[in-house]
Amino acid sequence: MKKKISLIGAGQIGGTLAHLISIKELADVVLFDVAEGLAKGKALDISQSTSVDGYNVNLIGTNNYDDTKNSDVIIITAGVPRKPGMTRDDLLGTNLKIIKEVAKGIKNTSPNAFVICITNPLDIIVMAFQKYSGFSSKKVVGMAGILDSARFKYFLSQELSIPVKKINTLVLGGHGDTMVPMPNHTTIDSKPLKKLIDEKKLEQIIERTRKGGAEIIKFLEKGSAFYAPAAAGVEMAESYIKNLRKELPCAAYLNGEYGFRDIYAGVPVIIGKNGVEKIVEIKLEGKEKENFATSINAVKDLLSSATKLDPDLAK
Ligand code: TXD
């Protein structure tokens, strides 16, 4: 039975998600956007691209939530992206209202969907969606860690002239300037990273990873990164749909894991047919443990600002 993925937001990331899903023939796609023409135009264009390579996938564009009903996976990018000079947190007010609207639109039409939130500020938006929708926290995750880890991996591969496939790493914590690249949990061709790179260069790469989004926004001027975020979102959707049980860094609901409760943050999770099958608790020590706690506290601070904007989040 062909699976169904609904993309709520047909903008830069949404359109790229639709194209990647089509190329992988992962599922049929519904592109939803309040800008109906955008959704319909991209769905039609990508449908015609499937004729070139003979991909067997159906796409539609819509601004009607009824067309998204009974989705297996929903990927949410609805919202506004950053402009140069803005932080991810600056998007809170606008995108919180949008995610409330999206939750209302899908909670009754796709109650069993696995929901991947991408909209920023990610850690708050994913938590807000879970609260507004009432979906199980096992079926609501945020995409950030895979993207941040991909950036860290790319910078390391460039510095050390090593193919990215030989690099295993993790970026955990909040998806903000306090995110935590984990050098002690990074191996290059199975060797510990710290034996292969000097401390100063490593610090520079960690800082560049934290600012990876802003670096691209500065070049683009209008809009933010979308190819790598879309690739990361598809990896999560594929692990769910094909029950791959991949261990992936995602924003997941912590209920005591890592010593934190009732907060979403980036941690390694196993994604399979039931959604978040398991939260993997790796041993954090020294600076990494300290930085992880700092990052979680930054998410908590932003959550209290969000709760001031919408007291419903305190329920
Ligand atoms: O790692 C991550 N999680 C981040 C997330 C990586 C990169 C970008 N990040 C965030 O994703 C970014 O800061 C934005 O908040 C979202 C979406 O980024 P994108 O680049 O796709 O933004 P666009 O191109 O502006 O697309 C957003 C679409 C646009 O077409 C709007 O018309 C639509 O969202 N939109 C809505 N759709 C449905 N419902 C509502 N209410 C709505 N409002 C706007």
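Strand β5 (residues 114-117) is covered on both faces, with Phe114 and Ile116 buried on one side and Val115 and Cys117 buried on the other. Here, buried means under 20% relative accessible area, exposed over 50%, and partly exposed in between (1.4 Å probe, protein chains only). In a regular strand the side chains alternate between the two faces of the sheet. Strands (E, at least two residues) and helices (H or I, at least four) are DSSP runs numbered from the N terminus. The model is predicted: local features need pLDDT of at least 70 and side-chain atom pairs count only at pLDDT 80 or more, while totals for chains, interfaces and linings use all residues. Residues are numbered from 1 along each chain as its sequence is written, and side-chain values use heavy atoms, with hydrogens and water left out.

Strand β5 pairs in the parallel sense with β4 (residues 73-76) over 4 bridges, two strands being paired if DSSP finds at least two bridges between them. Within this pairing, Ile116 of β5 is the bridge partner of Ile75. A parallel pairing over 3 bridges also joins β5 to β6 (residues 140-142), where Cys117 stands opposite Gly142. From β5 the chain crosses through helix α4 (residues 122-133) to β6 in a right-handed β-α-β crossover. A right-handed β-α-β unit is likewise made by β4, helix α3 (residues 92-106) and β5. A crossover is right-handed if, with the strands pointing away from the viewer, the path from the first strand over the helix to the second runs clockwise.

The structure holds 1 cavity of 30 Å³ or more; a cavity is a set of points on a 1 Å grid over the protein atoms alone where a 1.4 Å probe fits but cannot get out, and lining residues have an atom within 4 Å of a point. The largest cavity contains about 50 Å³ of space, a volume being the space filled by probe spheres set on the points, which are joined across faces, edges and corners. Its lining comprises 13 residues, of which Ala144, Gly145, Gly173, His175 and Gly266 are the closest to the centre. At least two lining residues are supplied by each of α4, α5 (145-160), β8 (171-172) and β12.

Arg245 lies in the loop between α8 (227-241) and β12 (246-255). Arg245 counts as partly exposed because its relative accessibility is 44%. Apart from neighbours within four places in sequence, Arg245 is in contact (heavy atoms within 4.5 Å) with Ser239, Ile270, Ile271, Gly272 and Glu277.

Technical notes:
1 Å grid on protein atoms, 1.4 Å probe; cavity = no way out; pocket = protein on both sides within 12 Å on 5 of 7 lines; lining within 4 Å.
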